[in-house]
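Hi everyone, thanks for making the time.

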Amino acid sequence: MEQDEAIALLESGQSVLLTGAAGTGKTFVLRKFIRRARNDGKIVSVTATTGLAATHLNGATIHSWAGIGIHDELPPKHLQKISKQRRDIISKTDILVIDEISMLHDFRLDIIDTVLRHVRDKDMPFGGIQIVLCGDFFQLPPVNRRDAMQGGFITNSKVWKTGFMTVCYLEKQYRQAGDSQYADILNGIRGGVLRRSQLESLKARANAVVDPFITSTKLLTTNADVDVINLQHLDKLKSKVHSYEMQTTGSKKYIDQLKKSCLAPETLLLKKGASVMCIKNSPDRKYVNGSLGIVTDFEKSTDNPIIQLNTGKTITVRPDTWELIDGDKKRASLSQFPLRLAWAITVHKSQGMTLDDAQIDLSRAFVEGMGYVALSRIRGLKHLVLDGLNNMALRVSPSAKQIDTDLRERSKKAKTLHSEVIANWNKSEKTRVSKPDKPTSTAGPWATKLEQMRRKYPNAYRPWKPTDDVELKRLFDMNTPLSDLTKTFGRHPGSIQKRIEKHYGEGIAIV
């Protein structure tokens with residue numbers, strides 16, 4: 001199925017499973033549908049099975065949105081204890097999106113269905129909300145802990161078996177469109193029929209020559225190695241450290257949740273020569289989530305990092321905003337430069353990215369689908385250096401292969417069955433008047449406010465250095481006017497006042 005055909009069925013109000021191989025544009029379709037639905041006045045609750053996936057869409061985890069936590073089954077009287085605030089959010093929702101659906105247990109989808117039927121008082125799947133599930137069952141599966149209920153893919157759930165969902169299986173490959181050989185290798189992994197020549201092509205990348213002038217990220221299966229590698233490389237650079245602190249708004253509970261889910265570090269440390277990765281799509285399309293590059297300099301007036309991307313393009317990166325949207329309510333937001341050190345990253349955190357180049361070590365792969373997720377991040381064989389493979393690395397779930405056959409068939413039938421809906425949508429698109437995107441917050445993005453503030457106060461919301469504190473106290477003791485202190489430190493008068501009060505106590509007046 002084509003992307004526009006999937007959007008046509010989504011906008012017809014049907015509940016849909018949006019699926020397809022990595023690189024077919026599932027997230028692109030999802031973002032477009034969400035944006036248009038909100039512009040049409042619908043309340044869209046955007047969720048995902050993991051916090052990381054949720055931040056890519058400015059949403060919440062499905063577990064917190066539905067108020068079910070990590071329960072394997074609903075506790076006694078749980079339905080009666082659901083808060084009024086949670087009930088209001090569920091009742092107002094027109095469309096519920098759940099991304100990275102491969103990682104959601106079958107029994108948890110049934111729990112969500114039970115909660116929504118109860119809250120909305122409708123004996124219909126999910127209480128009559130339009131449901132959009134998105135994901136690829138060949139990617140990371142549900143995690144079963146030994147001490148918890150064992151479950152499988154959501155296709156084993158009771159609510160899925162009612163057959164109420166339309167399947168949209170995206171076929172066209174975009175990420176590996178320029179390398180048909182590599183696309184065939186990935187399809188071979190999905191089908192469990194990798195030919196010997198294809199396996200040898202992969203193994204040959206173990207001796208690939210890496211261009212020393214191009215950033216190549218190491219993809220590792222364990223988290224412990226990643227931070228160590230990044231900090232070791234940063235320490236080797238002799239240039240000055242530039243430090244950027246994350247700024248947040250909202251209640252502590254939601255801020256903490258957003259921080260844990262976001263790839264942006266609370267304190268970003270950069271130096272000239274640092275290898276970095278963009279962790280968000282830029283509004284002006286100058287870079288995408290996964291773009292790699294090298295820090296070449298910093299703007300003198302703003303201290304914004306200047307990056308030379310692997311593509312050869314040089315960009316100046318500005319702070320961006322991540323938000324936690326719960327139904328139609330903004331719970332928290334954070335602002336940080338959309339960058340992280342890129343000498344290494346975990347396979348799990350790379351999910352959803354398109355990487356320019358990668359050095360992948362699958363010698364410790366420990367779950368089916370992990371190798372496929374890692375290898376499908378890049379566009380072709382020439383972008384790959386393969387450091388290791390183990391017996392698990394190229395395995396995919398046998399259940400996923402069976403499910404895939406069924407989903408492809410259901411998608412074909414849906415395209416035929418709803419051909420008139422698709423045709424009418426195509427006609428209406430020709431006369432559709434594009435509406436400007438509705439802002440998710442009436443206050444506007446924090447990043448924009450911060451950038452405007454720093455035009456007048458270059459150090460606004462930047463951390464105070466110990467040397468700054470020494471100088472501030474010296475100048476204050478000399479009765480330096482507030483206006484002069486503001487110019488000296490590049491900070492708002494209110495910030496200067498608070499810093500003085502921290503050192504000398506409240507009520508201290510500055511002339």
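Let's begin with what a pocket is: on a 1 Å grid over the protein atoms alone, it is an open set of points where a 1.4 Å probe fits, with protein on both sides within 12 Å along at least five of seven lines. Lining residues have an atom within 4 Å of a point. Points are joined across faces, edges and corners, and the volume is the space filled by probe spheres set on them.

A word on sources: this is a predicted model, where local features need pLDDT of at least 70, side-chain atom pairs need 80 or more, and totals for chains, interfaces and linings use all residues. Numbering runs from 1 along each chain as its sequence is written, and side-chain values use heavy atoms, without hydrogens and water.

So, the second largest pocket: its volume is about 780 Å³. Its lining has 31 residues, and Thr-49, Thr-50, Gly-51, Thr-61 and His-63 lie nearest the centre. Which helix gives the most to that lining? It's H11, with four residues. H7 is among the helices that supply at least two; helices here are DSSP runs (H or I, at least four residues), numbered from the N terminus.

Now look at H7, residues 106–120. Of its 15 residues, 12 are buried, meaning under 20% relative accessible area with a 1.4 Å probe, protein chains only. Among them are Phe-107, Leu-109 and Val-119. These buried residues pack against helices H4, H5 and H6 and strand S4 (a strand is a DSSP E run of at least two; contact is heavy atoms within 4.5 Å). Just past H7, Asp-121 has a positive phi of about 55°.

Terms used:
Expected span 1.5 Å × (residues − 1). Buried < 20%, exposed > 50% of the residue type's maximum accessible area, 1.4 Å probe, protein only.
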